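Here is a short report on one protein chain. Keep the sequence and the 3D view open while you read.

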Amino acid sequence: MNLRHEPAERKALLLTAALTEARRVGYQQVTRESLAAQAACSPALISAYFGTMHKMRRAIISAAIARSDLAVLAQGLAARDAKARTARPELQRAAMESVL
């Protein structure tokens, strides 16, 4: 059985794990180590795919926008994250209403 994934597939799996972890602890509290534990991989793999923590958090918010993950997007909006503010206005509104 081959457990290796193509890079695009692996990144999608890591982003799914990142959104799960962000919903659990908050997107600003996600660390390489916590994401690695969630994704069952090494922190080095997280660094290889996302680089800096800033880039990782930006990728988490980008995935939240792309997947309409209202809970994580609302966290980004509340933190005044610049990437979160690029979401469509109706998605921003839905995200903020989801936490009320």
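## Overall build

From the N terminus on, the elements run α-α-α-α-α-α. That gives six helices and zero strands. The model is predicted. The radius of gyration is 14 Å, close to the 13 Å that the globule rule gives for 100 residues, so the chain is as compact as a globular protein of that length.

The C-alpha trace spans about 45 × 20 × 20 Å along its principal axes. The accessible surface comes to about 5900 Å². Carbon and sulfur atoms account for 55% of that surface. Buried residues make up 37% of the 100 residues in the chain. Now take the contacts between residues at least 6 apart in sequence. Of these, 46% join residues at least 24 apart.

## The nonpolar core

How many residues does the largest nonpolar core have? It has 30 residues. Those with the most contacts inside it are Leu-35, Ile-46, Phe-50, Met-56, Ile-60, Val-72 and Leu-73. Several elements give two or more residues to this core: H1, helix H2 (32-39), helix H3 (43-50), helix H4 (53-66), helix H5 (70-78) and helix H6 (89-98). The largest share, eight residues, comes from H4.

Look at Phe-50, one of the residues with the most contacts inside the core. Leave aside its neighbours within four places in sequence. Phe-50 is then in contact with Lys-11, Leu-14, Leu-15, Leu-35, Lys-55, Met-56 and Ala-59.

## Helix H5 and its cover

Which residues of H5 are buried? They are Val-72, Leu-73, Ala-74, Gly-76 and Leu-77. Among them, Val-72 and Leu-73 also belong to the residues with the most contacts inside the core. What covers the buried residues of H5 includes H1, H4 and H6.

After H5 comes Arg-80. Its phi is positive, near 60°.

Find Glu-21. It sits in helix H1, which covers residues 7-25. Is Glu-21 buried or exposed? Glu-21 counts as buried, because its relative accessible area is 1% and the cut-off for buried is under 20%.

Set aside the neighbours of Glu-21 within four places in sequence. The residues in contact with Glu-21 are then Gly-26, Val-30, Ser-34 and Gln-38.

The side chain of Glu-21 also meets that of Arg-24 in a salt bridge, at 2.8 Å from N to O. Both residues lie in helix H1, three residues apart, about one turn of the helix. An α-helix has 3.6 residues a turn, so residues three or four places apart point the same way. The two partners contrast in cover. Arg-24 is exposed, with a relative accessible area of 60%, while Glu-21 is buried at 1%.

## The other salt bridges

The count of salt bridges comes to three. Side chains of opposite charge can pair when their charged atoms come close.

Another bridge joins Asp-69 and Arg-23, with the closest N and O atoms 2.3 Å apart. Asp-69 lies in the loop between H4 and H5, and Arg-23 lies in helix H1, so the pair ties together parts that are 46 residues apart in sequence. Asp-69 is buried, with a relative accessible area of 11%. Arg-23 is partly exposed, at 43%.

Arg-88 forms a salt bridge with Glu-90. Here the closest N and O atoms are 2.9 Å apart. Arg-88 counts as partly exposed, at 46% relative accessibility. Glu-90 is partly exposed too, with a relative accessible area of 42%.

Which residues make a nonpolar surface patch of about 340 Å²? They are Met-96, Val-99 and Leu-100. Met-96 is found in helix H6. Its relative accessible area is 34%, so Met-96 is partly exposed.

Definitions and conventions
Residues are numbered from 1 along each chain as its sequence is written. This is a predicted model: local features need pLDDT of at least 70, side-chain atom pairs count only at pLDDT 80 or more; totals for chains, interfaces and linings use all residues. Side-chain values use heavy atoms; hydrogens and water are left out. Helices (H or I, at least four residues) and strands (E, at least two) are DSSP runs, numbered from the N terminus. Buried means under 20% relative accessible area, exposed over 50%, partly exposed in between (1.4 Å probe, protein chains only). Contact means heavy atoms within 4.5 Å. A nonpolar core is a set of buried Ala, Val, Leu, Ile, Met, Phe, Trp, Tyr and Cys residues joined through side-chain atoms within 4.5 Å. Patches are made of residues with over 30% relative accessible area and no salt bridge: like charges are joined within 9 Å, nonpolar side chains (Val, Leu, Ile, Met, Phe, Trp, Tyr) within 5 Å. Accessible areas come from the Shrake-Rupley method with a 1.4 Å probe; for residues, only the protein chains shown count as cover. A salt bridge is a side-chain nitrogen of Lys or Arg within 4 Å of a carboxyl oxygen of Asp or Glu. The radius of gyration is taken over C-alpha atoms; the globule rule is 2.2 Å times the number of residues to the power 0.38.
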